[in-house]
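I opened this notebook to keep a record of what I looked up in one protein model, together with the cut-offs behind each term. The entries are in the order in which I went through them.

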Amino acid sequence: MTEITGTEALARVADLVEDIDIAMLTTTDDDGNLVSRPMSTRQMDEAGNIWFFTAEDTEKVEEAQRHHDVGLAYCDGKGMRYVSVAGTAEVVHDRTKMEELYSTSLEIWFADGLETPGITLLKVTPKVVEFWEPAKGKLALAAGALKSLVTRDTPDDDIMNHGHIVC
C-alpha cells in the first residue's frame, strides 16, 4: 500500500475526485447510525476542502453540526477508481464562495438560485483518504480478473493500487 503525506497528498486527492461528481456523504444520527446520501461535489479547493451546496434545514446539516466527523465515498465504476474520505464537516455561510461555486444546474434543488431560503455550503476538510485504482490500466485489470475466473485463483496483488493519504 502506498502512503502519501504533505503537499503531494492534497494534489493526489484532487486528482482522484475531480472527475467524480457524486459522493455519498455519511453522517452519524443521534442514535449512532451511519446515514448516507448522494451529494454533488462543487469543488476541492487549494487547501483541500471539498465543497457542497445544501439546504440548511436538513438532517444531514443537523447531524454534521452535532457530529463533525463525516465520510465521503466516491465511486467511478467505469474508471475503476474508488475513494474514501474521512473528514470533518462545517456549515459555511459565505455569499462570495456561494457565487463562485454556483451553477444553474443546481436549480433542480434550489429553484430560486442563490436567493433560495436556507441555501448554504457544507465544507468537508479531509483528514485521511484511502483509494483504489487499477495498477496497470483498465485492460490489464480486466485481463487479470478474467484470468482469476478461469484459473479459479485469487487475483494478483498488483491488480489494484491501494493508497492511504494523510492530509
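The entries below go from the overall layout to a helix, a set of strands, one arginine and the cysteines.

**Model and conventions.** I am working with a predicted model, in which local features need pLDDT of at least 70 and side-chain atom pairs count only at pLDDT 80 or more, while totals for chains, interfaces and linings use all residues. Residues are numbered from 1 along each chain as its sequence is written, and side-chain values use heavy atoms, with hydrogens and water left out.

**Overall layout.** I looked up the secondary structure and found 4 helices and 9 strands, taken as DSSP runs (H or I of at least four residues for helices, E of at least two for strands) and numbered from the N terminus. Along the sequence, the elements follow the pattern β-α-β-β-β-β-α-β-β-α-β-α-β. Of the 167 residues, 42% are buried, where buried means under 20% relative accessible area, exposed over 50% and partly exposed in between, with a 1.4 Å probe and protein chains only. I noted that, among contacts (heavy atoms within 4.5 Å) with a separation of 6 or more, 68% are between residues 24 or more positions apart. The protein exposes about 9,500 Å², and carbon and sulfur atoms supply 52% of that area, which is computed by the Shrake-Rupley method with a 1.4 Å probe.

**Helix 1.** In this helix, which spans residues 7-17, I found Ala9, Val13, Leu16 and Val17 buried. These residues lie on the same side of helix 1 because they cover an arc of only 80 degrees around the axis, the arc being that of the directions from the helix axis to the C-beta atoms. Thr7 and Glu8, on the other side of helix 1, are exposed. Among the elements that cover the buried residues of helix 1 are strand 1 (2-5), strand 7 (81-92) and strand 8 (119-134).

I then followed Thr26, which lies in strand 2 (residues 22-28), and asked which residue is its bridge partner in strand 6. The partner is Gly71, and strand 2 and strand 6 run antiparallel, joined by 4 bridges; two strands pair if DSSP finds at least two bridges between them. Gly71 in turn stands opposite Ala86 in strand 7, and strand 6 pairs with strand 7 in the antiparallel sense over 8 bridges. In the hairpin of strand 6 and strand 7, with 4 residues between the strands, Met80 takes a positive phi near 60 degrees. The side chain of Thr26 also makes a polar contact with the side chain of Ser36 at 2.5 Å. A polar contact is a pair of N or O atoms within 3.5 Å; within protein, one must be able to donate a hydrogen and the other to accept it, and residues adjacent in sequence count only if both atoms are side-chain atoms.

**Arg37.** I found Arg37 in strand 3 (residues 34-40), where it counts as buried because its relative accessible area is 14%. Its side chain makes a polar contact with the side chain of Glu63 at 3.2 Å. Not counting residues up to four places away in sequence, Arg37 touches Ala23, Met24, Leu25, Thr27, Lys60 and Glu63.

**Cysteines.** I looked for disulfides, meaning pairs of cysteine sulfur atoms within 2.5 Å, and the structure holds 0. Cys75 is exposed at a relative accessible area of 52%, whereas Cys167 is partly exposed at 38%.
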